[in-house]
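Work through the following exercises with the sequence and the model at hand. Each task is followed by a solution in steps.

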Amino acid sequence: MTQCNQILDRVVLVKIDANIYGARKKLRKEDLVLADGSELPPEDLASLGSKRLLDPDELADFNRLKKAGERHCLRVGTRFMGGFVVPVEHTADIVAELEKIALEFATKKASFLAGYDDAVRDWIAKHPSFAGIIEKAIDPMPYVATKLGFDFMVVAIRQPEAASPGDVARLEQQIDSIGGQLFHEVAVDAQLLLEQSLIGKEQVTRNALRPIKRIRDKLDGLGFLDHRVAPIVRWIDTLLQTIPSRGAIEGALLQEILAMTLLLANPDQLRRHGEGLLTMQPAVTDDDDTEALAPLGDETTPVSPPAADPLQFSLLEPTEAPAIDPEALFGDLFDDLLTGDGYQEANDSTYTNPVSVSDGKLESPALAAQAPKADREDEPQTRGNAVSEPSAEAVADFWF
């Protein structure tokens, strides 16, 4: 199965069909009263625009309901081919919300049509000097009823089996564009959060950061669209976990949230940041495995794993060297290594540190490289290749 088909199997397309009566008509020359000698510009130079037939507030509820339906789809989905692609698991919730909106729209429509004639008279009374041009353009109520409606449908997208290579390529190109649209919509929401709640503020409440949680949930639900989304979600989760359960958010934490939102508001930088977070992830190893098997023909040969402790040293004795007592020679050295303030226990099965004894001298490339740091008792020493999580101070330094 191609990646395109894998994505199509996980989403549905929601199409919203909302018709709203415009209550406008083209403004004509005869609608204008010109002073003597006045002249209108020709139509190829300028148009006269339109005239309103009703108070715009009479239609405000219909526009609000249409935007509410789109907003519900955008919470968990993204725009695609004139509709919204939504994860399959959210289909039932989206359908329930859109059915509520359709029912409210129908109620508002019945109420509007019942008071349509009164609304027209009120508009004419508000503009008595232009009553004539309004009355000539009024639409009858049955026509207005056909221009008001709200409906939706949910469909699955599939590649036809007999599709030509060109059709397949065009669909794949459209699918590839969904990820870019997702980052763009996240940037729009983040920019709105910056302007309304963060820029210029010394402190904010938890409620002001609800858009970040919505952005996080949207990215999490559509993470299969782009491989860079998953590390961005984990990055947001890490910061959200530091927000206190009560009280104002201010100081360094607020600045860190501001920096994160600025990055969310830039699609190109956010993509690069997601790519960078991917490269920072440590390789996953199974520390419980004590023996690895390598297939050789019909047999399996056990392969001994490397030493698990990076502080285990192997002593390589020369063939003709005099007998040496390791305890007497290296006792102080091992005490420093294992009991010093800078010791950190490590568990990296890929690290070994051979030590050899020749003519009574300790020879080790790893210890020689670290020798200058060993003399500094006030600076912690970390040995091994184990990857550790950054501290809170390190995260703050990363942002600023």
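**Exercise 1: Accessibility of two residues**

Task: Decide whether R75 counts as buried, partly exposed or exposed.

Solution. R75 has a relative accessibility of 40%, and therefore counts as partly exposed. Buried means under 20% relative accessible area, exposed over 50%, and partly exposed in between (1.4 Å probe, protein chains only). The model is predicted: local features need pLDDT of at least 70, side-chain atom pairs count only at pLDDT 80 or more, and totals for chains, interfaces and linings use all residues. Residues are numbered from 1 along each chain as its sequence is written, and side-chain values use heavy atoms, with hydrogens and water left out.

Solution. S245 and R206 lie 39 residues apart in sequence, and their C-alpha atoms are 8.0 Å apart in space.

**Exercise 2: Location of R75**

Task: Name the helix in which R75 is found.

Solution. R75 belongs to helix α2.

**Exercise 3: The whole chain**

Task: State how many helices and strands the protein chain has, and what share of its residues is buried.

Solution. The protein chain has 14 helices and 13 strands. Of its 400 residues, 31% count as buried.

Methods: Helices (H or I, at least four residues) and strands (E, at least two) are DSSP runs, numbered from the N terminus.
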